[in-house]
Amino acid sequence: MSKLKIGLSIGDINGIGLEVILKTFLNGQMFNQCTPMVYGSSKVVSYHKNIIEGNIEFHALRPGDRPQEGKLNVVNCWNENVNITLGKATELGGQYAGRSLEAAAQALKAGEIDALVTAPINKEAMKLAQFPFPGHTEYLARELDRGEHLMLMVNDGLRIGLATNHLPLRDVADAIDKNVVKRKVEVMEESLRIDFGIERPTIAVLGLNPHASDGGVIGSEEEAFIRPAIVELKKKGMMVLGPFPADGFFGAGHHTKFDGILAMYHDQGLTPFKALSFGNGVNYTAGLTHIRTSPDHGTAYDLAGKDEADPASFRQAVYDAIDIARNRKQYLELHENAMRDLQKPADIEGEDEVLTEDED
């Protein structure tokens, strides 16, 4: 299979994004896996390159130029000098993170890259820059033209999706209904089949309330719409179980028995995920027409400029982007071939004899 082009947005220039990008590709073996394309600025990359131990050469490009294999390609999305203030949330940090993300997203839409890996942004900095989205996931969902998407945290066999993403806790219950649960499970099931190669995935759904409401004693959402959604999904042939109490579910190790888990809100899913996987987990946006992954950590301002950031999660995000792109391509090719076989006319018994009779 041909080498994939993987786009990398640089995230916040004041954080550890470029540090983990550069450290990921210090290992020359990574260039055997993909051709990386960093969307940012050679000047900013050079600044961060001087922070880390080790030497990595990069190749500067203008937008639209052809990348070189075996090198870290830097697509210059701006040429002006940028004031870098390591470890601080600034308007400029948010502004240039947005410009990098926009350029990478457009390249993804245009087919110039096969997948996108996003380095961390800081929500405060993005707000200062008037970025009108809560995070990467919501922005890319709009840009990549897919109505339903799913924030899916991945680490080997552990995959936890969220029914709601970046919402205040007081708003969560009002944001969930039967249709939301159904759509999120359907996106998860499709992604597990196509992107992760699991033929018939099993999915667990967590309850919203403590003890999954204890049969309606602690809240009514489970009986009102979570359980009915699961029943309808089962009728469609999906392997879906729940709702499970979230605390006991992870405490008893039940998470190891399912291919995917749907949590109702951010901390319900990410707290156990990071406890089990921090530093090696990956955030994948399932349901999009294109592939995007990111590391499971933030900008880590406290580490910025110290050459102490661990690139393990970012490296795994690159690996996962490559694997998902290949799985999706293989799935689509197999099903296209199957459809062509189904559309071929069946052999007609005695066809030669009929033609001979017509000729007479």
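This is a predicted model: local features need pLDDT of at least 70, side-chain atom pairs count only at pLDDT 80 or more; totals for chains, interfaces and linings use all residues.
Residues are numbered from 1 along each chain as its sequence is written, and side-chain values use heavy atoms, with hydrogens and water left out.

Let's start with the whole chain. We have twelve helices and twelve strands; these are DSSP runs numbered from the N terminus, helices being H or I of at least four residues and strands E of at least two. Of the 360 residues, 51% are buried, meaning under 20% relative accessible area with a 1.4 Å probe, protein chains only. The C-alpha atoms fill a box of roughly 80 × 75 × 35 Å along the principal axes.

Now, how are the strands ordered? Twelve of them form an open, mixed sheet, and the order is β3-β4-β2-β1-β5-β12-β11-β6-β7-β10-β8-β9. Pairing here requires at least two DSSP bridges between two strands. β3 (58–61) and β9 (239–244) are the edge strands with a single partner each, so one side of each has no neighbour in the sheet. On average, neighbouring strands are turned by 25° against each other, direction ignored; the axes are lines fitted to C-alpha atoms, for helices over the stretch in contact, and angles run from 0 to 180 degrees between N-to-C directions.

Zooming in, β6 (150–155) pairs with β7 (158–162) in the antiparallel sense, over four bridges. Asparagine 155 has leucine 158 of β7 as its bridge partner. Packed on the sheet is helix α10 (266–277), which touches β6, β7, β8, β10 and β11 and makes about 160° with the direction of β7. Touching, or contact, is heavy atoms within 4.5 Å.

Is α5 mostly covered or mostly open? Mostly covered: seven of its eight residues are buried, among them His136, Tyr139 and Glu143. The cover includes α3 (91–109), along with β5, β11 and β12.

Finally, take a look at aspartate 195, in the loop between α7 (178–194) and β8. Its relative accessibility is 3%, so aspartate 195 counts as buried. Its side chain makes a 2.9 Å polar contact with that of arginine 328. By polar contact I mean N or O atoms within 3.5 Å, where within protein one must be able to donate a hydrogen and the other to accept it, and residues adjacent in sequence count only if both atoms are side-chain atoms. Beyond four places in sequence, aspartate 195 also contacts residues including Tyr284 and Ile324. Thanks, everyone!

Terms used: Buried means under 20% relative accessible area, exposed over 50%, partly exposed in between (1.4 Å probe, protein chains only).
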